[in-house]
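Here's a quick briefing to read with the model open beside you. Take it topic by topic and find each spot as you go.

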Amino acid sequence: MADKRDYYEVLGVEKGADDATIKSAYRKLAKKYHPDMNPGDVEAEKKFKEASEAYTVLSDADKRRQYDQFGHAAFDGGAGGAGGFGGFDFSGDMGDIFGDIFGDIFGGQSRSRRPNNGPMKGENVRTRLNITFEEAVFGCEKNVSVSIKETCQTCSGSGAKPGTSAQTCPKCSGKGQIVYTSQSLFGTVRNVTTCPDCQGSGKVVKEKCTDCHGSGYIAARKTIEVSIPAGIDNGQSIRIREKGEPGINGGPRGDLLVEVAVARHPIFQRQEYNIFSTAPISFAQAAIGGEVKINTVDGEVLYEVKPGTQTDTKVRLKGKGVPSLRNKALRGDHYVTLVVQVPDKLSEEQKELLRKFDSLSGSTLSSGTAGTTSGGGKKKKSFVDKIKENFED
């Protein structure tokens, strides 16, 4: 056995490697050197067998313990071994192990895995629901209409014609599984698969119900009430438990997933739990200040504009945003951009008043300059003071 490489070296792992590391290392080598991936390559086949031999020993706790104590001699008869690689048993559990690995490597279900014929949850049903911006903010109750399978009333879900019944599947004898063995590179491999005749149920229907055609279910249109939580956003889904398709072999129904589509609002825009909008204010309001009405999702609120407010000034209305889905007591904020409206049509009287105002402000219309200090160094009255003088009289 002197010409044999150390099994840990073959797999490229440390002596103290855990089972997951050993399995992962072997999977990579098996995929690289498998004969199906390297047809006609004798060297690749040799490396594949070498890696498989190493994995057979190191993946088995008892064999690994013997190998760590006696080395290769543990399996050549010198220490009571099984007589080399050819003596290893690849049936039973070892066949399952290799079947799992090659099922992962080459895709599809492992040849040696046992199919799950127990109760299985049914398929989920998906639908879409349109709601308004306000409904998304405050929540609401809605109804959705979906098509799902319901138990056939004619056969009571058996799938058999009235007066008849389902029979034990002759192919699998009611077990729902077919077991067969095959020879592989590793020896005898035990294969278990779902019975194709009864689809794992163990029963077959000879005379099918004319209404459901043997399925036991018929398509039905159902109206389901959906509770829309306050704060939901566009594209999010609501899960309603066990309102989907029927389960298999007595399993529970699937779920109904309702995706919400929130309509655009003509004034408000949403970012997470905050709302954004703009609000127009007049030239006089911007200059002198005062209360203005601002639209929010809660209705109109009064806001005190400060004198001298410039256009594009942003203000925050705390707690006027969207409620949090996680904590209904918390709400986002509403951010408002104030936009000063400049009139585009003025009467002669209005124009004259503006000219008078401009003259008091430093005659910017004629000179193109802003207000300056007087010759004596005394500052002229402020912009707001002049506005007040002209419009409060």
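This is a predicted model: local features need pLDDT of at least 70, side-chain atom pairs count only at pLDDT 80 or more; totals for chains, interfaces and linings use all residues.

Residues are numbered from 1 along each chain as its sequence is written, and side-chain values use heavy atoms, with hydrogens and water left out.

**Helix α8**

- Helices (H or I, at least four residues) and strands (E, at least two) are DSSP runs, numbered from the N terminus.
- α8 covers residues 348-361, which makes 14 residues. From first C-alpha to last it reaches 20 Å, close to the 20 Å expected at 1.5 Å a residue (the expected span is 1.5 Å times one less than the number of residues).
- Phe357, Asp358 and Ser361 are buried in α8. Here buried means under 20% relative accessible area, exposed means over 50%, and partly exposed is in between (1.4 Å probe, protein chains only).
- Looking down the axis of α8, you'd find its buried residues within an arc of 100°, so they line one face of the helix (the arc is that of the directions from the helix axis to the C-beta atoms).
- Turned away from that buried side is a face with the exposed residues Glu348 and Glu349.

**The largest pocket**

- A pocket is an open set of points on a 1 Å grid over the protein atoms alone, where a 1.4 Å probe fits, with protein on both sides within 12 Å along at least five of seven lines; lining residues have an atom within 4 Å of a point.
- The largest pocket has a volume of about 940 Å³, where volume is the space filled by probe spheres set on the points, and grid points are joined across faces, edges and corners.
- Its lining has 33 residues, and Cys198, Gln199, Ser201, Ser215 and Ile248 lie nearest the centre.
- What sort of residues line the largest pocket? They divide into nine nonpolar, 17 polar and seven charged (Ala, Val, Leu, Ile, Met, Phe, Trp, Tyr, Cys and Pro count as nonpolar, Asp, Glu, Lys and Arg as charged, and the others, Gly among them, as polar).

**The largest nonpolar core**

- This core has 22 residues, and those with the most contacts inside it include Leu11, Tyr26 and Leu58. A nonpolar core is a set of buried Ala, Val, Leu, Ile, Met, Phe, Trp, Tyr and Cys residues joined through side-chain atoms within 4.5 Å.
- The elements giving two or more residues to it are α1 (7-11), α2 (19-33) and α3 (42-58).
- The largest share, seven residues, comes from α3.

**Positive phi without glycine**

- Most residues other than glycine have a negative phi.
- Ser173 isn't a glycine, yet its phi is positive, about 60°. Look for Ser173 in the loop between β3 (167-168) and β4 (177-184), where it is exposed at 55% relative accessible area.
- Glu272 isn't a glycine either, and its phi is a positive 55° or so, about 55°. Glu272 lies in the loop between β10 (269-271) and β11 (274-282), exposed at 66%.

- Thr132 and Ala263 are 131 residues apart in sequence but 5.1 Å apart in space, C-alpha to C-alpha.
- Ile228, in strand β7, is buried at 3% relative accessibility. Ile228 and Cys140 are 88 residues apart in sequence and 5.1 Å apart in space, C-alpha to C-alpha.
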